[in-house]
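Morning, everyone. I have one model to walk through today.

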Amino acid sequence: MAHIVKIIDGFSFMPREGQNLLEALESQQIEIDYQCREGFCGACQVDLVDGEVSYDQEPVAFVPAGRVLPCCCRATSDITIEIPESQRKTG
Ligand code: FES
């Protein structure tokens with residue numbers, strides 16, 4: 001079942017079936033920093049304000065409390081995320 005992703009200071013949307021969170025954000029033209037897209041580097045992390053995600057595979061990168069790695073997780077409930085200013089790609 002699809003869950004709603006709400007972005008603080010942004011909008012809410014429903015990811016398509018099979019998309020991880022990074023792919024879901026990209027499909028909404030929301031570009032964030034990433035490198036490996038496989039849970040190794042930790043570059044993509046965003047704040048998980050509310051809700052739950054699950055990882056396809058436990059990430060190798062250290063994930064600080066309250067943060068998630070969009071490149072390798074999916075929402076398992078409705079979630080609210082905050083994309084830190086430093087994570088947003090600019091023009
Ligand atoms: S892009 Fe490397 S952990 Fe997400």
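Predicted model: local features only at pLDDT ≥ 70, side-chain atom pairs only at ≥ 80, totals over all residues.

The protein chain has 1 helix and 7 strands. From the N terminus, the order reads β-β-α-β-β-β-β-β.

Now overall dimensions. The C-alpha trace spans about 30 × 25 × 20 Å along its principal axes. The radius of gyration is 12 Å, and a compact globule of 91 residues would come out near 12 Å, so the two agree. Buried residues are 27% of the 91. As for contacts with a separation of 6 or more, 54% join residues 24 or more positions apart.

Next, the core. Which residues touch the most other members of the largest nonpolar core? Leu21 and Val53, out of 20 residues. Four elements each supply at least two core residues: helix H1 (21–27), and strands E3 (46–50), E6 (73–75) and E7 (79–82). H1 gives the most, with 4 residues.

Look at Val53. Beyond its neighbours within four places in sequence, Val53 contacts Leu21, Leu48, Val68, Cys73, Arg74, Ala75, Thr76 and Ile79.

Then Val46, in strand E3. Is Val46 buried or exposed? Buried, because 22 C-beta neighbours lie inside 10 Å, and the cut-off is 20 or more. Take Pro70: 24 residues from Val46 along the chain, with 7.2 Å between the C-alpha atoms.

That's my tour. Over to you.

Conventions:
Residues numbered from 1 in each chain as written. Core = buried A, V, L, I, M, F, W, Y, C linked by C-beta atoms within 7 Å. Buried ≥ 20, exposed ≤ 12 C-beta atoms within 10 Å, placed from the backbone. Contact = placed C-beta atoms within 7 Å. Rg over C-alpha atoms; globule rule 2.2 N^0.38 Å.
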